[in-house]
Amino acid sequence: MTTDPLVVFTPSGKRGHFPVGTPILTAARQLGVDLDSVCGGRGICSKCQITPSYGEFPKHGVTVREDALSEWNAVEQRYDDKRGLKPGRRLGCQATVQGDVVIDVPPESQVHRQVVRKAAAARAITMDPATRLYFVVVEEPDMHSPTGDLERLERALREQWQIDAITADLSLLSKLQPTLRKGKWEVTVALHKGHKDSVARIVEIWPGLHENGLYGLAIDLGSTTIAAHLTDLDTGEVKASSGLMNPQIRFGEDLMSRVSYAMMNPGGDQEMTRAVREAINDLVTSIADEAGIDPALIVETVFVCNPVMHHLLLGLDPVELGQAPFALATSESVTLPAREMDLTTMNPRAQVYILPCIAGHVGADCAAVALSEEPGKSQDLVLIVDVGTNAEILLGNTTRVLACSSPTGPAFEGAQISSGQRAAPGAIERIQIDPVTKEPRFRVIGSDKWSDEDGFEADIATTGITGICGSGIIEAVAEMRMAGLLDESGLIGSAEQTGSSRCIPEGRTHSYLIHDASAEGGSRITVTQGDIRAIQLAKSALYAGARLLMDEMGVDKVDRVVLAGAFGAHISTKHAMVLGMIPDAPLDKVQSAGNAAGTGARIALCNIAARAEIERVVREITKVETAIEPKFQEHFVAANAIPHKTDPFPELAKIVTLPTPSFNTGGDTEKTGRRRRRKA
Ligand code: FES
């Protein structure tokens with residue numbers, strides 16, 4: 001039996017005997033304990049911090065004496081003086097084994113540290129990005145055994161980090177020589193190795209130890225908005241989140257109008273490609289600026305997007321996606337250098353990964369939702385609805401997962417709504433209408449007070465009240481329905497019919513006045529009949545898509561609903577149900593999940609195994625094409641009523657009693673309204 005001291009690591013519980021004098025980092029590596037190091041044990045990166053514990057540990061069968069580790073050394077002292085080490089911490093590469101010892105590896109010293117999402121159903125992301133930093137000491141050139149600098153760097157990486165093969169492009173090669181000499185043969189390299197790569201690519205090189213971090217972007221490229229999360233590739237922390245409108249809107253608000261723009265205008269697809277790439281370049285600059293980092297430190301970007309955006313981003317003509325059988329140029333994931341896509345404001349050698357598409361109408365954004373929400377691992381039947389210009393819908397459990405996409409249009413994002421706007425300070429995001437007085441009160445982004453509370457005016461003094469955002473319009477329509485201002489068919493009643501002077505005539509229809517500061521030069525915010533129609537079309541498309549999947553699954557109800565989307569977390573589940581956006585379910589089983597597609601992108605950015613996983617999962621998902629399914633139209637028409645023409649919504653009825661007015665007399669009717677809209 002060995003007399004070598006026993007080293008026990010927590011929390012992993014891994015243990016082994018090591019000769020006196022073995023550095024803790026070496027012991028950790030031999031046991032496969034997850035202990036980080038960028039400098040390779042040279043005492044300069046501080047990534048290897050550990051906490052030794054002393055005393056009796058009956059659980060581990062050891063007694064740890066005060067001298068179980070070597071004494072605090074000069075390297076640790078220097079680090080402590082310069083940067084400060086937390087009390088009780090040691091550097092794992094400096095402290096050596098002297099006796100039996102119990103070593104705790106704190107979370108921040110673990111390579112595969114877990115980052116817990118803030119969302120309600122928190123899912124931990126294990127950090128294992130494709131791009132990592134390595135500090136190496138490279139042999140100096142020697143006239144007697146001539147080798148290139150790159151070859152000596154490769155040898156150093158092999159010897160010091162067991163990295164077999166590397167490759168470097170010309171732009172990196174031109175930096176290599178001056179950087180090696182500037183760093184006095186000590187450099188840090190950022191190596192990218194994707195889950196399918198056999199060779200690591202040098203993305204960047206810095207003289208000495210690089211301590212300014214490494215970043216990646218997770219981008220949810222939607223038809224209406226582009227949302228980006230700047231993520232620290234070491235810690236997984238989101239440093240900044242930013243978004244902007246997709247400039248392609250000027251070529252068409254929805255996907256099909258963009259496809260027809262490409263069909264009708266020679267070169268139109270390239271024009272749209274240019275526009276979106278320019279916007280992403282601007283977004284990279286502004287998000288880096290917001291986080292106070294150099295954009296050249298952004299070395300990776302993961303995109304999730306619907307098929308049309310996918311093609312337009314890659315510079316592929318989307319024409320085939322506009323007609324059956326909706327063939328994609330490729331449904332596989334795509335990995336390529338960012339500069340091939342003219343993304344020039346991040347690191348010039350940054351790599352891009354685009355998640356796989358599920359089908360011609362069901363894109364990488366839906367794959368990202370599947371990665372984030374994991375319907376295939378759910379015991380109960382879960383319906384996941386990712387609300388956007390195109391809704392991604394997934395239905396499934398451990399036996400089977402179905403997916404479709406439904407063209408909801410941009411109404412839920414505040415577009416095509418008369419007073420609609422993006423979710424920005426000044427936008428109405430919550431609204432309540434008193435069922436008796438029919439008077440509204442609301443909340444505006446930028447203030448946590450309701451409009452009838454003291455201090456509201458002061459809070460909004462700088463932003464003003466500028467419009468209604470997506471979650472605001474959903475609440476407004478649902479509240480109008482609950483207050484009896486709107487009938488089941490979606491008609492707004494007149495002042496006489498509703499007893500509210502806020503119902504004002506507008507042509508042959510009526511609008512509901514929420515706020516009027518026009519006398520003081522401010523805004524006048526109303527919900528018009530046209531707004532209601534736009535919301536009805538959007539919610540019917542959403543509901544019909546969900547019903548189609550339920551038909552395919554052979555079920556009439558689902559156990560659970562997850563409402564996701566860029567603003568999914570802000571949608572009130574009750575109001576969504578009153579509107580009939582989603583099939584009826586017990587309200588406590590309807591949950592908001594925030595931007596699931598964006599989260600999926602972030603998971604794929606932080607963990608390369610997740611990329612392999614989603615590529616496998618996508619192949620097992622059954623795709624349902626809404627566009628060619630005749631039942632879609634049937635479901636769509638029935639879903640036009642609020643909440644629904646034929647479905648009684650029994651769970652909703654338990655919590656809300658909806659009034660039953662009918663305003664279909666004298667004013668606008670379904671038919672005349674439709675005729676008028678067609679004319680318009
Ligand atoms: S490994 Fe870098 S300081 Fe210990």
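Which residue in strand 25 is the bridge partner of A427? It is G467. Let me show you where that pair sits.

Some ground rules. This is a predicted model, where local features need pLDDT of at least 70, side-chain atom pairs count only at pLDDT 80 or more, and totals for chains, interfaces and linings use all residues. Residues are numbered from 1 along each chain as its sequence is written, and side-chain values use heavy atoms, with hydrogens and water left out.

Now two terms. Helices (H or I, at least four residues) and strands (E, at least two) are DSSP runs, numbered from the N terminus. Two strands pair if DSSP finds at least two bridges between them.

Back to A427. Strand 23 covers residues 427–433. Strand 25, residues 467–468, pairs with strand 23 in the parallel sense over two bridges. Strand 24, residues 440–444, runs antiparallel to strand 23, and five bridges join them. There, Q432 stands opposite R441. The hairpin of strand 23 and strand 24 has six residues between the strands. One of its residues, K438, takes a positive phi near 65 degrees.

Is strand 23 largely enclosed or largely open? Five of its seven residues are buried, so strand 23 is largely enclosed by the rest of the structure. Buried means under 20% relative accessible area, exposed means over 50%, and partly exposed is in between (1.4 Å probe, protein chains only).

Six strands form an open sheet in the order 30-29-20-21-22-31, with mixed pairing. Its edge strands are strand 30 (590–594) and strand 31 (622–623), and each pairs on one side only. Look at strand 21 (residues 391–396) and strand 22 (residues 401–406). They run antiparallel, joined by six bridges. G396 stands opposite V401 in strand 22. Helix 12 (residues 529–553) packs on this sheet, touching strand 20 (382–387), strand 21 and strand 22. Contact here means heavy atoms within 4.5 Å. The direction of helix 12 makes about 25 degrees with that of strand 21. For such angles, axes are lines fitted to C-alpha atoms, for helices over the stretch in contact, and angles run from 0 to 180 degrees between N-to-C directions.

Three strands form another open sheet, in the order 26-27-28, with antiparallel pairing. Strand 26 (503–506) and strand 28 (524–527) stand at the edges with a single partner strand each, so one side of each has no neighbour in the sheet. Neighbouring strands are turned by 45 degrees against each other on average, direction ignored. Four bridges join strand 26 to strand 27 (residues 509–516). I504 stands opposite S511 in strand 27. Helix 12 packs on this sheet as well, touching strand 27 and strand 28. Its direction makes about 50 degrees with that of strand 28.

On a 1 Å grid over the protein atoms alone, a cavity is a set of points where a 1.4 Å probe fits but cannot get out. A pocket is an open set with protein on both sides within 12 Å along at least five of seven lines. Lining residues have an atom within 4 Å of a point. Grid points are joined across faces, edges and corners, and a volume is the space filled by probe spheres set on the points.

What is the volume of the largest pocket? About 1,200 Å³. It has 46 lining residues, and D36, V38, K47, R113 and D234 are the closest to its centre. Strand 10 gives the most to this lining, with four residues.

The structure holds one cavity of 30 Å³ or more. The largest cavity has a volume of about 190 Å³. It is lined by 18 residues, with D220, G222, D386, G388 and T389 nearest its centre. Strand 14 (215–221), strand 15 (225–232) and strand 20 each supply at least two lining residues.

Last, some backbone details. A cis peptide bond joins A324 and P325, with omega about 5 degrees. The bond from I642 to P643 is cis too, with omega near 5 degrees. P643 lies in the loop between helix 16 (630–638) and helix 17 (650–655). F649 also has its place in the loop between helix 16 and helix 17. F649 is not a glycine, yet it has a positive phi of about 50 degrees. Is F649 buried or exposed? At 1% relative accessibility, F649 counts as buried. D342 has a positive phi of about 60 degrees, and it is not a glycine either. At 44% relative accessibility, D342 counts as partly exposed.
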